[in-house]
Amino acid sequence: MAKQTLNLINTRPGGEVRYDDAAEARLDNAEAVAAPVGAIDAEAANPAPAEGGGCHAGAEKMKAQAEAAGNKELMEKFEKDYPMGPHDQPQSMCPAFGSLRVGLRMKRTATILSGSACCVYGLTFTSHFYGARRTVGYVPFNSETLVTGKLFEDIREAVHDIADPDKYDAVVITNLCVPTASGVPLRLLPKEINGVRIIGIDVPGFGVPTHAEAKDVLAGAMLNYARSEAELGPVQAPDRERDDRPAVTLLGEMFPADPVVIGKLLEPLGLAAGPVVPTREWRELYASLDSPVVGAIHPFYTASIREFQAAGREIVGSAPVGLDGTMDWLDAIGAATNVPRAQLDAAKQIFAPAIKGALASKPIKGRITLSGYEGSELLVARLLIESGADVRYVGTACPKTPWSAADLEWLEAKGVEVQFRASLEQDLAAFEAFKPDLAIGTTPVVQKAKETATPALYFTNLISARPLMGPAGAGSLGDVVNAAMASKDRFDTMRDFFEGVGSGHAAGVWEDMPEDVRTFRMKERRKRMTADQAREKAIEAPTGC
């Protein structure tokens, strides 16, 4: 085979390899692309470039760059809506997957991403892995288009090209980390083109901690748009027959059967289950805003709750899970909608025996630690405890909010340690401390548990993807949880079978045992720590005469 060589354009002094002419792009915007007719403010459309770093610069540096590039207000809003925890960046999947999934599940909605190609590839791969079957648009960029403002012009052109009212009700354009850090101003895009709504959002990993909260970023933006439309006059009616009963909007993604079950719980109260937000089509947003009460099934949808409160809607936290949860939730909904006490008590008497029976039919016996990043962890823990499980720890990557207070109070009264904004390190420490019979958690927690021959279940696919509400949810976890705990003997057998093949650096079968380099790593780590401490002291040291 002929020898192949890589043809380089040239090398700069010092040996730096150049693959294109991006390094020659002016950084002062003196030759920025002229705005087309319809004039946008040049300074806003051509933000100052972020100095160095790119998408690997680190959360704090990228946040500082975003603020310097004109996104200070956006970052302050993220800090208020989605406060950070012990870790300064997501420990789960890229948060933009959450908002991407919301857009891809909506009818007549186009989705466009603006970000690094590697990020867009990963997001589109994951979305199709989860069955999106929808096209994802992408506006690529390079150093030159980013620093000259041409990227914004490319985004605007893409939005104009795709805004076909025969195909779409809305176009969602999402800035990922680099465009957000560079201040690409999606707020300057037109609000509508040919009757198609244009929704621009920023979902940077250094501002939105979890993909669950990113769903709220898009849902909140859409509710804000829909609310402004409704305030201006008549809007499109739902495509199904209108129910005369007052409805309860349900906030947060759930198992498809849960809204149906909640509707059955509300019927004796003279109420109906309203739309689930995030919605599946635009017109449902109007119906969700029309409901007098919103059930915050997922209590961390801060931006969405703000829009409902601006529309004068009352927010009810928690959810109808288990016996106590269902009875308390019906009480709260009844109080919010002024249901007569006698009617409310009669409704509770209908469902209480069914829930008790379902819980008793599939008891769970064993110690469990639970963690996840979907936002329903506290609800699942309540259901497990009422099924008889000894739950010692609940960790959720989502934040504590006023609408999670009822669940937190109930769990703490049962002696459960609840950790909001839980880090992977905290989840693993809880596993080590409580030594459960079953660990329910994220992939690395499950991996750690199985390494110690402890049965484990992945929360997202095996637990949260089940009905949780009312009588249907009461017995939904027993089979899978009990089957997992019953597999302990199989784990012991596998551990015994592989006994002696080593672990960590020495795992496997070797002619010569690999050298243990942990001592060397510890030594180098101490050197780095000493150097870091010396730098900090030098910075703090007084200067001058």
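This briefing describes selected strands, sheets and helix contacts of the structure above. The model is predicted. An open sheet of four strands has the order S9-S8-S10-S11 with parallel pairing, and strand S15 (residues 438–441) carries residues that are all buried. Helices H8 (residues 211–232) and H11 (residues 302–310) have axes that come within 7 Å of each other.

**The four-stranded open sheet**

- The strand order in this open sheet is S9-S8-S10-S11, and the pairing is parallel.
- Strand S9 (272–277) and strand S11 (314–316) form the edges, each pairing on one side only.
- On average, neighbouring strands of this sheet are turned by 30° against each other, direction ignored.
- Three bridges join strand S8 (residues 247–251) to strand S10 (residues 293–295) in the parallel sense.
- Within that pairing, Leu250 stands opposite Gly295 in S10.

**Helices on the open sheet**

- Helix H9 (residues 257–266) packs on the sheet and touches S8 and S9, its direction making about 150° with that of S9.
- Helix H10 (residues 283–290) also lies across S8 and S9, and runs at about 130° to S9.

- S15 pairs with strand S12 (residues 367–372) in the parallel sense, over three bridges.
- S15 also pairs with strand S16 (residues 456–458) in the parallel sense, again over three bridges.

**The H8–H11 helix pair**

- The axes of H8 and H11 cross at roughly 20°.
- An angle under 35 degrees counts as roughly parallel, and H8 and H11 are therefore roughly parallel to each other.
- Their crossing is left-handed.
- On the H8 side, the residues that meet H11 are Asp216, Ala219, Gly220, Leu223, Asn224 and Arg227.
- On the H11 side, the residues that meet H8 are Thr302, Ala303, Ser304, Glu307, Phe308 and Ala310.

Definitions and conventions
Residues numbered from 1 in each chain as written. Predicted model: local features only at pLDDT ≥ 70, side-chain atom pairs only at ≥ 80, totals over all residues. Heavy atoms only, no water. Buried < 20%, exposed > 50% of the residue type's maximum accessible area, 1.4 Å probe, protein only. Helix = DSSP H or I, 4+ residues; strand = E, 2+ residues; numbered from the N terminus. Pairing = 2+ DSSP bridges. Axes fitted to C-alpha atoms, helices over the stretch in contact; angles between N-to-C directions. Contact = heavy atoms within 4.5 Å. Parallel < 35°, antiparallel > 145°, perpendicular 65-115°, else oblique. Left-handed = near helix turned anticlockwise from the far one by under 90°.
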